[in-house]
Amino acid sequence: MEALVTALNDIIWSRALIYLCLGAGLYFSIRSRFMQVRGFGEMIRLLFSGQSSRAGVSSFQALAMSLSGRVGTGNIAGVATAITFGGPGAVFWMWVVAFLGASTAYVESTLAQIYKEKDEKGQYRGGPAYFIEKAMGQRWYAWLFALVTVIATGLLLPGVQANSIAQGMQTAWGIEPWITATVVVLALGFIIFGGVKRIAHFAQVVVPFMAAAYMVIALVVVVMNVQMLPDMVALIFNSAFGREAAFGAVAGLAVEWGVKRGIYSNEAGQGTGPHAAAAAEVSHPAKQGYVQAFSVYVDTLLVCSATAFLILSTGMYNVQAPDGSMIVNELPGVEAGPGYAQAAVETFLQGFGAPFVALALLFFAFTTIVAYYYMAETNVTYINRRVHRPWLTLLLRIGIMAAVAYGAVKSAALAWGLGDIGVGLMAWLNIIAILILQKPAFAALRDYERQKKAGLDPEFDPEALGIRNADFWAERKASQ
């Protein structure tokens, strides 16, 4: 099974996907005149504007929902695996893919808002499947994305999160993985049977708290080891460009692992963020595009960097050469994952590191599993527009709970391998789609900036911009 998964990943995560992710991000950055830089202040302002409604959630709730999907085990275990197989230089490439990916996140999230619709319960739904059908007119492509997303977020990706939770709990308190699996499955069932609103409220409370607490502890450890910072930063940059002799064997892999784990963590271009973006109640699609671009910064430049600095400043990591030999072996026998962060915190806070990181992982990963369910459910809802099989939602709920149980008790390598397949397939389908469909997103950006310059609170009129099939917005404009 592991050999098959590895072979599939070698095909899906070829250099072509790496270049596609970086190239698309660079192109969108140039096309938007680097909106992720010049629009930073607007991102912050929009975070706290807008209110929820019966149909949609507030901008902040949508941000929290998307962050609950982005901020997960990739921010702890993912950073560790990137360093293990790509060396410290992989961290630099995670930063690059985050910076460029912010513009990608704007495009995909704005498209999701433009082409969103209301489901049979009156709640907003949207995402790549919706905008592919409406803007591209290729229903087969939309169905393909929907099916891949249901499999990826409903069956493949949840196991990675559950596996990290189980690993952390076993390291900290010796809790057997099957016990962790049982508790997580029961808690997940309570949340997902409560619907989108319960997911939004849960994420709004938990995500800011867990991210802030984790970064504070990481900052404390880094400050206590502040004398190592200059050398650590130099190590990251030198390793990224092959100027660090010790990591010459993995210099080429730094880009590959940095991009792979960067996308897994911040999800820019993967097509997951647009699902939460579409649920927001806003007066203009670009508003949520700005907010979702900011979420990439929070995920990678703040939370992932906190983990990287924590691990590298304390020296608690391993680096493995392509032939399996160890270049750095500071934690003999410790598998790449949460154990690095746990050991790093333990160097200064004896007896506290393993339990704290285990709890952080519990909150990070559990909220991500909940977000994955929402994404999968949105695509089941899309499919049900045509086939009308209400039992598919129940089947999804049972499937994701089974996937969580399976992932918790399986090896980390298999769990991550399956997760990478899901991420890679979604990224291929989504990035190609948004490259084709980018025009409405940039028309919305120019329209938003024009209205802001005129001192208005921007309102969206798709017909005035020549955007067709944005039915929700056209009806909204007509009713005003």
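# Buried charges and buried helices

Reader: Is Lys134 buried or exposed?
Author: Lys134 has a relative accessible area of 13%. Under 20% is buried, over 50% is exposed, and in between is partly exposed (1.4 Å probe, protein chains only). So Lys134 is buried.

Reader: What kind of model is this?
Author: Residues are numbered from 1 along each chain as its sequence is written, and side-chain values use heavy atoms, with hydrogens and water left out. Local features need pLDDT of at least 70, side-chain atom pairs count only at pLDDT 80 or more, and totals for chains, interfaces and linings use all residues: the model is predicted.

Reader: Which side chain makes a polar contact with the side chain of Lys134?
Author: Lys134 sits in helix α8, residues 128-136. Helices (H or I, at least four residues) and strands (E, at least two) are DSSP runs, numbered from the N terminus. A polar contact pairs N or O atoms within 3.5 Å; within protein, one must be able to donate a hydrogen and the other to accept it, and residues adjacent in sequence count only if both atoms are side-chain atoms. At 2.9 Å, the partner is Glu117.

Reader: With which residue does Glu117 form a salt bridge at 2.9 Å?
Author: A salt bridge puts a side-chain nitrogen of Lys or Arg within 4 Å of a carboxyl oxygen of Asp or Glu. For Glu117, the closest N and O atoms are 2.9 Å apart, and the partner is Arg385. The pair joins strand β1 (residues 117-118) to helix α17 (residues 353-387), across 268 residues of chain. Glu117 is buried at 17%; partly exposed, at 25%, is Arg385.

Reader: How many residues separate Glu133 and Arg386?
Author: Glu133 and Arg386 form a salt bridge, their closest N and O atoms 3.2 Å apart. The bridge links helix α8 to helix α17, and the two residues are separated by 253 residues.

Reader: Which residues are linked in a network of salt bridges?
Author: The structure holds 15 salt bridges. The network links Glu117, Glu133, Lys134, Arg385 and Arg386.

Reader: How many disulfides does the structure hold?
Author: A disulfide needs two cysteine sulfur atoms within 2.5 Å. The sulfur of Cys304 is 15 Å from the closest cysteine sulfur, in Cys21, so a bond is out of reach. Cys21 is buried at 8%, and Cys304 is buried at 4%. The number of disulfides is 0.

Reader: How many of the 10 residues of helix α6 are buried?
Author: Helix α6 covers residues 77-86. Among its buried residues are Val79, Ile83 and Gly86. After α6 comes Gly87, with a positive phi near 75°. The rest of the structure largely encloses the helix, because the number of buried residues is 9.

Reader: How far apart in space are Thr393 and Glu377, C-alpha to C-alpha?
Author: Thr393 lies in helix α18, residues 391-409, and is buried at 18%. Contact means heavy atoms within 4.5 Å. Beyond four places in sequence, Thr393 touches Tyr373, Glu377, Val380 and Asn384. Thr393 and Glu377 are 16 residues apart in sequence, and in space the distance is 6.6 Å.

Reader: What is the area of the nonpolar surface patch that includes Val37?
Author: Patch residues have over 30% relative accessible area and no salt bridge; like charges are joined within 9 Å, nonpolar side chains (Val, Leu, Ile, Met, Phe, Trp, Tyr) within 5 Å. Areas come from the Shrake-Rupley method with a 1.4 Å probe, and for residues only the protein chains shown count as cover. Val37 belongs to helix α3, residues 35-38. With Leu26, Ile30, Phe34 and Phe99, Val37 makes a patch of about 420 Å².
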